[in-house]
Amino acid sequence: MKKTLTANINGTVFHIEEDAYDTLQRYLANIRAQFAGTEGRDEIMSDIEARIAELFNERLDGRSQVVTLADVEHVATIMGQPEDFADGEPAAGPDSAPEERGAPAKRTYKRFFRDPEDKWVGGVLGGLGAYIGMDPLWLRVAMIILVLASVGVLIPIYILLWILVPMADNAPDRLQMRGEPVTVENIKRVVEEGAERVKDGSTRMANEARDIGKDWKRDAAQRKSQAAEIISKLFGVAIIVVAFSMSLGLITGLIGGTWGLWHATWSSEDVGLLELGGLFFNSQQQALWFAIGVIALMAIPLIGLFLAGFRLLLDTRTPKWLGWSLTLLWLAAWVPTMWGAAALGKDFHRENSVRTEETLVQPQAGILYLDALNVAEETEEWSVRFDDGGMDVDMNGLHVENGNIFGAWARLDVERSADSLFHLVVIREAHGATAKAAMARAEEIQYRVEQQGDVLLVSPVVSFSVQDKFRAQDVHFTLHVPVGKSIFLRPGSRNVIYDIDNVTNTLDDDMIGRTWTMTNEGLEDPSKPRPMKNEVIKGEVTPSVTDSTLSKKVAASVWRRPARKTAPRPNHATAAVTSTPVARVELPNVFKLLGLLGRP
Amino acid sequence: MKVENTKAQMRKGVLEYCILSVLAQGELYPSDIIVKLKEAKLIVVEGTLYPLLTRLKDAGLLTYRWEESRSGPPRKYYKLTTVGDKFLTELDQTWDELSQAVKKTTRKNAQR
């Protein structure tokens, strides 16, 4: 059974089968294209149509009244292929390209048209979808995403295509757009129409653009549903992207965190990750459950996001039981998390500190030499990673031995002494459920300070009992230096000093290997007086030749000799003590800022 | 240079001349013209004729009138105008000269 259409050809009505109609339609359109720009095109076409009607009549005479594909092909054989119609150019003869004679060739050739029946703006993506055999919906989604992702170059490309690509506004064009077989004459046609198209394209595009509003109103309902679909797809993409980046963050965080903790405890045989958890929580089990709870709380919503994203994007269905069990799991994950967090929070509730003072033997020359106790020597089996010179030792040096936790996080600061003596004040801090418990913990903290003649050795390592757990135990040393007296920072002191204030805002690392004298304003290096008021501040404090002999490399080598008990006495510093500082100038804040900025 | 192109060029000029000559014998409608041209093997497909007729008509060499047909819609009957008649006479002369020239110069005739 075949569907027939009615066609009026030159005043005669024919019943014509659908495929025959399409072929004839395409045939006529292609002939018409041959006469693009020819005067009297309409007349020629009506003559040709008249002849075709005549031929049909002859052929149908005495037969059925339905024109078939065979009839159309017969007519095409008599009339010739569209390229034969070129003005005044008769067919080159049956010997030329015989395979193109006869009915429409079987060659499949697709053309890129804009699709007027599936268009949002100019129909470019609709046509492109037909051309590459893809649902234009995806192209629109991709276009919106790419434009939003600031691949803005797509917009001018779109407009260019809108101008250049013809609208498939008749049946044969639409067939061609979908890749129906068409003969080679189309290539010629494209070339011939090209120039015309560029000329007319802009005005045509402007007209079409003006009509978009109308079209949108007309197709509002259909468009609305498609828009909803596109928006849901966009949401799907966005959700998946977010979920993906979040899970990436979670995974790298887990791996990085685990690795970091493992690294911090790598040298210890008895402190694994779980043991570390046990040092924070009441028990290792609680730590494990807390970790499981936290990971589940983060991971389950991510799984949910992925499911939602895929559901929006691909219309997949998530089974109900999956959603329910995920929700239940997530709610359940709160229990161990809250249990652990509450226990931890309770024990961190109060902070307290203990202040003690170490008795110091006052240095004879008025210079106290500051150094650190060698950590590696003290604990033998492990060492604090100080060789990078960095201060990030919060977890570094973490170690459990003989029921004690060791950690290298004590810090030393320098202040002006209230009297004429050096003092070393030690403040030990800890947290606890009550102020009393916190105080008890603080008192349990062990630290080490030694004095060997004029050398003060401070250990960055503090320790406390495993039973005390981690409760933010910390030790702050404050060295009080009387005005007019000095300290010399030996290379080892790099490991204990932290952010020592001085009048030139010199960084800790640059303070090493120099003598610093206490003035009423703070610590000052007399060999490097502050610049005068109108002097240009260079920013960087460059070490002098003398100082550079004690710069980092030397310092590091000194530090790495663990057996050394006393550092060699520097031979240049003594003279500086008595020298009076040059006129002090209050630096405006702006200059201080500039100085800070100029620092490496 | 392709032989097909040359052939087409030669036919192109001759075809116009022949259409005018056919119409000089009387009023005809396209299908009749086609029959005669096909007999002479001047054209192979009919499509070639229509643009030519229109062009000759637009040049004022031909004119047509509508005539009712027994078997279908009205047909266009073409005939020469006076301009076309003069044009044809000139072409006749040119053709005679040309055919003489061809006779004298072509290889097969020269060999005789």
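**Salt bridge first.** I looked up Asp47(A) and Lys76(B): their side chains form a salt bridge, 2.6 Å from N to O. I take a salt bridge as a side-chain nitrogen of Lys or Arg within 4 Å of a carboxyl oxygen of Asp or Glu. Chains A and B share five salt bridges.

**Ground rules.** The model is predicted, so local features need pLDDT of at least 70 and side-chain atom pairs pLDDT 80 or more, while totals for chains, interfaces and linings use all residues. Residues are numbered from 1 along each chain as its sequence is written, chains are lettered from A in the order in which they are written, and side-chain values use heavy atoms, without hydrogens and water.

**The A–B interface.** I find 28 residues of chain A and 29 residues of chain B in the contact (heavy atoms within 4.5 Å). The buried area is about 2,300 Å², with 52% from carbon and sulfur atoms. That area is the accessible area (1.4 Å probe) that two parts lose on being put together, summed over both.

**Chain A's side.** α2(A) gives the most, eight residues. Helices are DSSP runs of H or I, at least four residues, numbered from the N terminus. This side divides into eleven nonpolar, eight polar and nine charged residues. Here Ala, Val, Leu, Ile, Met, Phe, Trp, Tyr, Cys and Pro count as nonpolar, Asp, Glu, Lys and Arg as charged, and the others, Gly among them, as polar.

**Cores.** The largest nonpolar core has 48 residues; Ile48(A), Phe56(A) and Ile19(B) are among those that touch the most other members. α2(A) supplies its largest share, eight residues. A core joins buried Ala, Val, Leu, Ile, Met, Phe, Trp, Tyr and Cys residues through side-chain atoms within 4.5 Å. Buried means under 20% relative accessible area, exposed over 50%, partly exposed in between (1.4 Å probe, protein chains only). I checked Ile48(A): beyond its neighbours within four places in sequence, its contacts are Ile31(A), Phe35(A), Met79(A), Phe85(A) and Tyr50(B). Another core, of 36 residues, lies apart and includes Leu360(A) and Ile487(A).

**Val45(B).** I placed Val45(B) in the loop between α2 (30–39) and α3 (49–58) of chain B. Val45(B) counts as buried because its relative accessibility is 2%. Its C-alpha is 8.9 Å from that of Ile34(B), eleven residues apart along the chain.

**Helix α4(A).** In residues 124–132 of chain A, the buried ones include Val124(A), Leu125(A) and Ala130(A). Gly133(A) follows α4(A), with a positive phi near 70 degrees.

Conventions. Helices (H or I, at least four residues) and strands (E, at least two) are DSSP runs, numbered from the N terminus.
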